[in-house]
Amino acid sequence: MKIVVGHLFPDYLNIYADRGNIAVLERRAAWRGHDLEVRALEPGDGLEAGEHDLYYVGGGQDREQELIAPALAAMGEALKAAVTGGAAALAVCGGYQLFGHFYRDRSGDELPGAGLLPLHTVAGERRMIGDVLLECEFEPGHPRRTLAGFENHAGRTYLDEGAVPLGRVLAGFGNDGVSGHEGCRAGRVIGTYLHGPLLPRNPWLADWLLAQALAHRTGDSTQLAPLEDELEAEAHAVSAGRARSRGGRF
Amino acid sequence: MRDAQRVRGGTFRGSVLRVSPLPLSAEILLARAAAGLSRVVGAGGGTTVPGKLLWKLDPGAVDRLAARLPRGSALISATNGKTTTAAMVARILAPSVRLAHNRSGANLVSGVASALLAARDAELGLFEVDEAALPEVARRLKPRAVSLGNLFRDQLDRYGELELLAERWRATVQKLPAEAVLVVNGDDPQVGDLVSERPRSTVFGLDDPRHASAELQHAADSKWCVRCGTAYVYAAAYIGHLGDYRCPACAHSRPLLHVRAREVELHGLDSVSFDLVTPEGTRRVELGVPGLYNVYNALAAAALGRALGASLEEVQAGLQGFSAAFGRFERIPIGERSLLVLLIKNPAGANEVVRTLLTGTPPRLLLVALNDEIADGRDVSWIWDVDLEPLLGGLERLIASGERAAELALRFKYAGLPVQAIEVVPSLEEALDRGLELTAPGEALVALPTYTAMLGLRDLVARRGFVKPYWEAAA
């Protein structure tokens, strides 16, 4: 089976080793016998219904985010339609902010968002930088999983009333440094500040995304064969330890 | 750009005479005593101990110590190449000038303070300065010359974003003393644009499109016009975003080069030669270190040496007499084997290390050590932005070491290296022993450490007596 990933604006948003996340998706699909094709999406590109199974958008510096925000916002309706049709999405850092309603910078100017996630972001004075550890509960009753990563953002992200965070902060700042929440999950759309990159040391999330993408492609829910993840577990443990010993807090 | 002393061909005759020496304060004497004490108790040569102490006791003492230097100070900053460039300039100037020089790379204010304390009879201060510390150091030292090399993404966790750093550099350049000479790398759009702040600047760059890459590397950071945001068009892209660029919309382009390299010839891992073209004439330079990035370092050193009054002959001789700076392409003999140490610290620099390694026989065995201390960058995501894939062709075994060894192992695993070829050995000492065990007599073990891992490796071989401790090593 072939999975198609739409990588949004890789020339602009790729600052935190986003290609590491892409490499993990590619390899973990291949090790299960699935092809994964990454198609770059550039400003102004149209989205064909059902073409992509998964969307990925990474982080950028302020300047790149400013340059690209209008193009991403213009794609908002098409992305929403794709997600409603069953595609999944992962947005990291700057991409996470731009997946919300808007981003307001320090001078009060607003960058438009794509509107895929129920949140908005306001630039703050102090950057929130450091290792982070989250606890996630995707399905009630299932065992809780952790995500370990690194955050570096000046923006404070505020979720709409009733919106679901990606996880509970065990160590580190999270969305705004005070709510105890990190990221946002709306169905198959996930946004987070965690890079590092996110997926190599948190392979369960990579597999969750691949499972959503395969389900979109085949129309069936798919069970992914387990992989040997010893190195991944070790990297996760070291990263989690870093967050516990030196994760940021106000 | 054209100072009268240099055109007359003299070296340093008639350099700006600084204020007469001020009395040394008790704090300065105390900090000097601390340096000796630190060495006695074996706390690592006291590289920054006295400077940190002085900085704490009396921050203004740094200004006073610098003001005592009869020939003033020169500062060198860049994301990549600071240590090597400074070592090259030291080599150019050392025959005729006594230097205060922070050669081991301690480049925050405290490191500069330590170098000032240590070199009592110095005439000129030559300091590499951390990119983020530049505004403060420049404000305190009031340098007579500043060389700015390149800005790449590096330790975003510590420096914040590139744009912010570039803005701070601009403000620093605006506040430099009126007579100070600015030397900039014209091939870097952000850095080259600083000439607009100071018409009396020296611009250096590469002028040999035969060595351009086929396309912009993944680590290219300043791809968008600094004036209008349009993507630059490159007539030649050399390293990352360094090259001959032009904006198709507003025509912002690489400034005119005053000091250039032409006819560059790369000789594998051994050396590189090029024509050094300056307003005073052209000289062939045979550089004893490899790679295009060292041509950039040599150009920066030549331009700064020139700004400080060195003649073209002195520049040529200094560059040709230069061997590797501390931990940067340093060969350390270990009995019948040797250790080749190549510091890696950010994507752009590491890409050039990879590119240079591949000009020789691709290594079958590699020791890579990733630490995540403040000096390495606590955010290790940068290793995923390095183009390591070309190394995989000949690689049979990877020893992944350092505090983040497992993360490094993942980087190679997802690049396609079979897990069976990867050994995770977090302890540097065990990794070094394992690497040497797998290295045949007469061969070199290639080690790619991050900054603190490099210090650790060097410390290990020093303790075993194969290399002098760094506070005794000559530049």
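Predicted model: local features only at pLDDT ≥ 70, side-chain atom pairs only at ≥ 80, totals over all residues.
**View 1. A hairpin in chain B.** Strand 7 and strand 8 of chain B make a hairpin with 2 residues between them, and B:Gly240 in the turn has a positive phi of about 55°. Helices (H or I, at least four residues) and strands (E, at least two) are DSSP runs, numbered from the N terminus. The two partners, residues 233–239 and residues 242–246, run antiparallel and are joined by 5 bridges. Strands pair here if DSSP finds at least two bridges between them.

Residues are numbered from 1 along each chain as its sequence is written, with chains lettered from A and ligands numbered from 1 in the order in which they are written.

**View 2. The open sheet of chain B.** Chain B has 16 helices and 17 strands, and 9 strands form an open sheet in the order 2-3-1-4-5-6-9-10-11, with mixed pairing. Strand 2 (99–101) and strand 11 (281–287) of chain B stand at the edges with a single partner strand each, so one side of each has no neighbour in the sheet. From one strand to the next, the twist averages 15°. Inside the sheet, strand 5 (residues 181–185) and strand 6 (residues 201–206) of chain B run parallel, joined by 4 bridges; B:Leu182 stands opposite B:Ser201 in strand 6 of chain B. Helix 12 (residues 312–320) of chain B packs on the sheet, where it touches strand 10 (271–278) and strand 11 of chain B, and its direction makes about 10° with that of strand 11 of chain B. Two residues are in contact if their C-beta atoms, placed from the backbone, lie within 7 Å.

**View 3. Helix 5 against helix 11 in chain B.** Helix 5 (residues 82–93) and helix 11 (residues 292–307) of chain B pack at an angle of about 45°, their axes 8 Å apart. Axes are lines fitted to C-alpha atoms, for helices over the stretch in contact, and angles run from 0 to 180 degrees between N-to-C directions. That makes helix 5 of chain B oblique to helix 11 of chain B. Angles under 35 degrees count as roughly parallel, over 145 as roughly antiparallel, 65 to 115 as roughly perpendicular and the rest as oblique. The crossing of these two helices is right-handed (the near helix is turned clockwise from the far one by less than a right angle). Among the residues that meet are B:Met88, B:Val89 and B:Ile92 in helix 5 of chain B, and B:Ala298, B:Ala301 and B:Leu304 in helix 11 of chain B. The contact of helix 5 with helix 11 of chain B divides into 8 nonpolar, 5 polar and no charged residues. Ala, Val, Leu, Ile, Met, Phe, Trp, Tyr, Cys and Pro count as nonpolar, Asp, Glu, Lys and Arg as charged, and the others, Gly among them, as polar.

**View 4. Where chain B touches chain A.** Here 21 residues of chain B are in contact with 26 residues of chain A. Helix 8 (156–159), helix 9 (162–174) and helix 14 (405–415) of chain B each give two or more residues to the chain B side, and helix 14 of chain B supplies the largest share, 6 residues. That side of chain B has 9 nonpolar, 3 polar and 9 charged residues.

View 5. Helix 14 of chain B is largely enclosed by the rest of the structure, because 10 of its 11 residues are buried. A residue is buried if 20 or more other C-beta atoms lie within 10 Å of its own, exposed if 12 or fewer, and partly exposed in between; C-beta atoms are placed from the backbone. Its buried residues include B:Leu408, B:Arg411 and B:Phe412. They pack against helix 1 (18–30) and helix 6 (230–246) of chain A, together with strand 14 (365–369), strand 15 (397–401) and strand 16 (422–424) of chain B. Just after helix 14 of chain B, look for B:Gly416, with a positive phi of about 115°.
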